[in-house]
Amino acid sequence: TWGLREEPEVTPVVERYDAWRTVMKENGAPDPARWLRRYPLNASSDLEHLTLFAQDAVFAMLHQPDPPTAIFCVNDYFMIALLEACSDLGVHVPETLEILSFNDGIQLMPRQARAVNRLVQRTDAMGRRAMEVLLDKIHDKTRPPEHIRLPADFHPSEVASLVETT
């Protein structure tokens with residue numbers, strides 16, 4: 001994820017981080033923070049530097065006594081950098097390392113992204129719901145703010161499903 005402060009500031013990032021931390025603790029990781037890697041916010045606009053950050057992180061984590069078997073990316077910018085880093089390091093995805101990424105609407109996914117598990121937001125439903133809330137707010141200016149959550153869809157790795165059926 002990104003952020004140099006103690007906690008990320010963007011609500012979806014905070015919620016994704018909290019969910020990751022909860023799942024890690026529920027699965028016996030006493031200190032999930034040791035697996036967290038954060039990068040400067042502006043790094044996501046520079047794929048080359050983000051890939052170098054990811055390379056360093058993957059190399060270090062895979063050479064620990066208890067290396068990870070999966071990595072969660074807070075969004076697809078990190079997933080693209082992670083895929084590049086894995087390719088550069090000769091780490092096979094998903095055979096050696098599973099990746100789960102939150103898809104934030106990047107339409108031109110790299111070919112190797114087929115090997116990644118993705119959580120995909122329902123952008124059409126989000127847009128419709130946002131318009132409904134906006135129109136309601138225009139008609140009733142006293143209406144309090146709402147926090148609305150819509151489910152995401154899970155798309156498993158195409159490579160994993162191909163391996164399972166063969």
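In the predicted model, Glu-132 and Arg-129 form a salt bridge in which the closest N and O atoms are 3.0 Å apart; a salt bridge is taken as a side-chain nitrogen of Lys or Arg within 4 Å of a carboxyl oxygen of Asp or Glu. Both residues lie in helix α4, three residues apart, about one turn of the helix. Helices (H or I, at least four residues) and strands (E, at least two) are DSSP runs, numbered from the N terminus. Glu-132 is partly exposed, with a relative accessible area of 41%, and Arg-129 is partly exposed at 26%. Here buried means under 20% relative accessible area, exposed over 50%, and partly exposed in between (1.4 Å probe, protein chains only).

Arg-129 also forms a salt bridge with Glu-146, with the closest N and O atoms 3.7 Å apart. Because Arg-129 lies in helix α4 and Glu-146 in the loop between α4 and β4 (153–155), this pair ties together parts that are 17 residues apart in sequence. Glu-146 is partly exposed, at a relative accessible area of 39%. A further salt bridge joins the side chains of Arg-143 and Asp-136 (2.9 Å, N to O). Arg-143 has 22% relative accessibility and counts as partly exposed; Asp-136, at 32%, is likewise partly exposed. Arg-129, Glu-132, Asp-136, Arg-143 and Glu-146 are linked in a network of salt bridges. The count of salt bridges by this rule comes to seven.

Residues are numbered from 1 along each chain as its sequence is written, and side-chain values use heavy atoms, with hydrogens and water left out. As the model is predicted, local features need pLDDT of at least 70 and side-chain atom pairs count only at pLDDT 80 or more, whereas totals for chains, interfaces and linings use all residues.

The chain contains five helices and four strands, arranged along the sequence as α-α-β-α-β-β-α-β-α. Of its 166 residues, 30% count as buried. Among contacts (heavy atoms within 4.5 Å) with a separation of 6 or more, 66% are between residues 24 or more positions apart.

The largest nonpolar core has 27 residues, of which Ile-71, Cys-73, Met-79, Leu-82, Leu-83 and Ile-99 touch the most other members. The elements giving two or more residues to this core are α1 (11–26), α2 (47–62), β1 (70–73) and α3 (76–89). The largest share, seven residues, comes from α3. Such a core is a set of buried Ala, Val, Leu, Ile, Met, Phe, Trp, Tyr and Cys residues joined through side-chain atoms within 4.5 Å.

Leu-135 is found in helix α4 (residues 123–139) and counts as partly exposed, at 41% relative accessibility. Together with Met-131, Leu-134 and Ile-138, Leu-135 forms a nonpolar patch on the surface, with about 360 Å² of accessible area in total. Patches are made of residues with over 30% relative accessible area and no salt bridge, like charges being joined within 9 Å and nonpolar side chains (Val, Leu, Ile, Met, Phe, Trp, Tyr) within 5 Å. Accessible areas come from the Shrake-Rupley method with a 1.4 Å probe; for residues, only the protein chains shown count as cover.

The peptide bond from Val-93 to Pro-94 is cis, with omega near 5 degrees. Pro-94 lies in the loop between α3 and β2 (98–103).

The mean pLDDT of the chain is 81, and 83% of its residues reach 70 or more; pLDDT is the predictor's confidence in each residue, from 0 to 100. Confidence is highest in α2, at a mean of 92, and lowest in helix α5 (residues 158–165), at 51. Over residues 161–166 pLDDT stays under 50, and the model has zero contacts beyond four places in sequence for them.
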